[in-house]
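Colleague: Could you take me through one part of this model in detail, namely the protein surface near the DNA? I would like to see which pieces of the protein supply it and what kinds of residues are there.

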2 protein chains.
Amino acid sequence: MGRLEIRPEEHAALVDGQPLSLTVRELQLLVSLSEHPQRIMTREELFAEVWGGHPRDDDRSVDVYVSRLRAKLGEALPGRRLIHTHNGIGYRFSPDG
Amino acid sequence: MGRLEIRPEEHAALVDGQPLSLTVRELQLLVSLSEHPQRIMTREELFAEVWGGHPRDDDRSVDVYVSRLRAKLGEALPGRRLIHTHNGIGYRFSPDG
DNA sequence: CCACTTGTGAAAATCCTGTAACCAGCAGGG
DNA sequence: CCCTGCTGGTTACAGGATTTTCACAAGTGG
């Protein structure tokens with residue numbers, strides 16, 4: 001998809017062939033998001049896929065990791081926003097900015 | 001229905017497959033309207049479905065959110081008017097302009 | 001030790017919501 | 001015509017809710 005390639009089997013995400021240095025959690029989150037492009041995913045769904053089980057009521061893990069992911073994606077692909085926030089609901093991955 | 005798809009379960013409204021960035025209230029209102037196409041819905045009905053309960057005597061919330069909704073729909077679908085005003089009564093959703 | 005990751009708390013930034021205006025259009029009465 | 005009242009469209013604003021970001025403690029493995 002464009003300049004970004006995600007290869008879950010290889011535990012890798014590449015931008016223009018160069019691997020991003022993502023942590024395990026960051027990669028899991030990116031994989032989960034990118035497997036459902038253009039679909040708005042709730043925090044519950046994302047938490048279940050990445051961490052498993054249900055998040056605590058006041059758990060902000062998803063938000064924190066989205067932030068970390070955006071920071072690294074932003075470095076590799078300046079000016080593009082791949083992860084969109086949907087207030088009160090969750091996040092959405094859009095391959096094309 | 002044409003280029004607009006509404007998926008309440010997914011918290012999404014799509015135009016040509018692209019999700020609109022609607023707030024929760026805006027989406028609720030659009031869902032309520034679109035679930036009764038071509039039917040004129042009173043402010044009371046809409047308020048009950050979206051906010052619950054009865055509106056204050058001078059409540060303009062429905063009008064304000066209809067306006068906001070029209071603005072966003074108008075951006076995504078220029079030249080089409082999906083929400084029609086029925087003076088003294090309420091609003092009507094028409095899938096085809 | 002050191003470098004790194006992870007989850008948590010909390011401050012900072014941002015967005016949403018409901019309300020109160022302000023306007024324009026219209027109809028009826030005088 | 002000119003008021004007046006009524007209806008709906010739109011915008012501005014304050015408060016609240018939500019999200020983003022930073023800092024830190026604990027854990028892991030080299």
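This is a predicted model: local features need pLDDT of at least 70, side-chain atom pairs count only at pLDDT 80 or more; totals for chains, interfaces and linings use all residues.

**The surface near the DNA**

Modeller: Happy to! Altogether 18 residues surround DNA strand D, and the closest are A:Asp63, A:Ser67, A:Thr85, B:Ser67 and B:Thr85. By residue class, the surface near DNA strand D divides into 4 nonpolar, 8 polar and 6 charged residues.

Now to DNA strand C, which has 19 residues around it. Here A:Thr23, A:Val24, B:Thr23, B:Val24 and B:Arg25 come nearest. At least two residues of the surface near DNA strand C come from each of these helices: α1 (24–34) and α3 (61–76) of chain A, and α1 (24–34) and α3 (61–76) of chain B. The surface near DNA strand C holds 8 charged, 5 polar and 6 nonpolar residues.

To place those helices in their chain, chain A has 3 helices and 6 strands, in the order β-β-β-α-β-α-α-β-β from the N terminus. Its radius of gyration is 13 Å, close to the 13 Å of the globule rule for 97 residues, so chain A is as compact as a globular protein of that length. Along the principal axes, the C-alpha atoms of chain A fill a box of roughly 40 × 25 × 20 Å. Buried residues account for 23% of the 97 residues in chain A. Among the contacts in chain A with a separation of 6 or more, 49% join residues 24 or more positions apart.

Key:
Residues are numbered from 1 along each chain as its sequence is written. Chains are lettered from A and ligands numbered from 1 in the order in which they are written. Helices (H or I, at least four residues) and strands (E, at least two) are DSSP runs, numbered from the N terminus. The radius of gyration is taken over C-alpha atoms; the globule rule is 2.2 Å times the number of residues to the power 0.38. A residue is buried if 20 or more other C-beta atoms lie within 10 Å of its own, exposed if 12 or fewer, and partly exposed in between; C-beta atoms are placed from the backbone. Two residues are in contact if their C-beta atoms, placed from the backbone, lie within 7 Å. A residue is near a molecule or strand if its C-beta atom, placed from the backbone, lies within 6 Å of it. Ala, Val, Leu, Ile, Met, Phe, Trp, Tyr, Cys and Pro count as nonpolar, Asp, Glu, Lys and Arg as charged, and the others, Gly among them, as polar.
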